[in-house]
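Me: I have a structure open and want to learn how to read it. Please take me through a few features, one at a time.

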Amino acid sequence: MPALDLSKDGARQVQVDREPGQYLGHPTTVLLEDGKTMLCVYPKGHGKGGIVYKRSADGGLTWSDRLPTPENWVTSREVPTLHRVVDAAGKKRLIMWSGLYPARLAVSEDDGASWSGLKPAGDWGGIVVMGFTEPLKTPGYYMAMFHDDGRYFSSTNTHAKPPLFILYKVFSQDGGLTWGKPEPVFQSSEVNLCEPGFIRSPDGKEIAVLLRENARKKNAHIIFSRDEGQTWTAPRELPDSLNGDRHTGKYTADGRLFISFRSVAPKGKTIPYLGDWVAWVGRYEDLVEGKPGQYHVRLMDNTKGYDCAYPGVEVLPDDTIVTTTYGHWTAGEMPYIMSVRLKLSELDAMKK
C-alpha cells in the first residue's frame, strides 16, 4: 500500500509543550462542541508523573501556558486520559482517568475551567485506564476498556511468568460519574492484547476495538460487538498496515477513517516507519474484511526506539485533522508534545 511521509513538513507541526531536560509524554485531547476549544493532558514522565493541563482556543493552532490543576494531580502514577461525557439528562461533563491501583477519576462540571481532585473509581485498577471511554446507545450509558497483567487490578499482585494479560470492560449508567465492576473480555498468556481503541461502525450497529499485541508474536488484533459491548467476537489479527500500539481513530466528512498509532511490528516482520508516529487511512469495511486500507502515513520521525505516539485525534468543523502526541522529536533530547494538522484531501493529492 502507498506510504506517505509528512515528517519533514514543518508547516503542519505545532509545538504544544516542551521543557528542556523534562520528559513530557502520553497526551490525550478533547475537542469541545464549539469546534475550537481543545483541551490536553499529559504526564511529566513516562506514563507516571504529575499531570500537565493546557487549553487551545483556536483548534490547536496555539496553546495556553500550563494551567492550574488540583493538588493531588501530581500524584498520578499512570497515563491520564481525558473524555467528554453526557448524562441521560443532557448534563455535559469532562472526566479524566489516572490508572494503576486504584484507578482514579477527576471531574469537571464547567468544560474544564475547574476540576475535582483524583478520587478512586472503585476497588480496582489497571494499565492505561482508560484506553477509551465511549457512549453507548442508551443515553447516559458509557463503556470503557483497559487491561492488566495481574500487577494493578487489585491490592494483591498476582503477576505471573509468562504474564496473563486480561482485557476488561466496565460500564457506567450515569454519564461517567460512577462505574461498575470490571468484567473480563479476553485473557491469554500467549497473545497479550492491550491498549484498546474504539471505533463504531458508520451505521452505529457495531463496535470495533483495535488492540496492541504486547508479546510481539502476532499482529495487532481486532474484536467486534453488535450488542453494545455485552458479547464480543474472538480476536483476530489485523493486516500488517495496522501493526502497532494505541490505535486512536476518527471519521472524516467523507466517511473515511484516520487512525493514529505507534508503528511496531511483531518479531520477524518489518513495516514502514518502524518506531515512528504513523497513521492509517481507510474505511470501516477494511477493518471488517481484513483489507490493508488506502495508505500509510508517517506523521513525525521518532529518533529513539519505539518511545512515542499515544495520540489524541480530533476533527475540526472544516475537516482538518489535529492529531497530538509525544516523541523524541529532537535527537538527544527528552520527548515533548507536538501536533500535526492535515486534511485527507491533501494526502490524496500527494498520493497521485
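**Reading the sheet, the cores and the salt bridges**

Reply: Start with an open sheet of four strands, in the order E10-E11-E12-E13, with antiparallel pairing. Strands are DSSP runs (E, at least two residues) and helices are too (H or I, at least four), numbered from the N terminus. Two strands pair if DSSP finds at least two bridges between them. This is a predicted model: local features need pLDDT of at least 70, side-chain atom pairs count only at pLDDT 80 or more, and totals for chains, interfaces and linings use all residues. Residues are numbered from 1 along each chain as its sequence is written, and side-chain values use heavy atoms, with hydrogens and water left out.

Me: Which are the edge strands?

Reply: Strand E10 (127-135) and strand E13 (183-188). Each pairs on one side only. Inside the sheet, E11 (residues 142-148) and E12 (residues 165-172) pair over seven bridges, in the antiparallel sense. To find your place, take His147: its bridge partner in E12 is Leu167.

Me: Which residues touch the most other members of the largest nonpolar core?

Reply: First the idea. A nonpolar core is a set of buried Ala, Val, Leu, Ile, Met, Phe, Trp, Tyr and Cys residues joined through side-chain atoms within 4.5 Å. Buried means under 20% relative accessible area, exposed over 50%, partly exposed in between (1.4 Å probe, protein chains only). Here the largest core has 21 residues, and Phe258, Val297, Leu299, Leu342 and Leu347 touch the most other members. Strands E20 (277-282), E21 (295-300) and E24 (336-342) and helix H2 (344-351) each give two or more residues to this core. Apart from it lies another core, of 19 residues, including Val14 and Leu316.

Me: How many salt bridges are there?

Reply: The rule asks for a side-chain nitrogen of Lys or Arg within 4 Å of a carboxyl oxygen of Asp or Glu. By this rule there are 28. In one of them, Arg212 joins Asp245, with the closest N and O atoms 3.6 Å apart. Arg212 is in strand E15 (residues 207-213) and Asp245 in strand E18 (residues 244-251), so the pair ties together parts 33 residues apart in sequence. Arg212 is buried at 12% relative accessibility, and Asp245 is buried at 0%.

Me: What does Asp348 meet in a salt bridge?

Reply: Arg256, at 2.8 Å from N to O. Asp348 sits in helix H2 and Arg256 in the loop between E18 and strand E19 (257-263), 92 residues apart. Arg256 is buried, at 7%.
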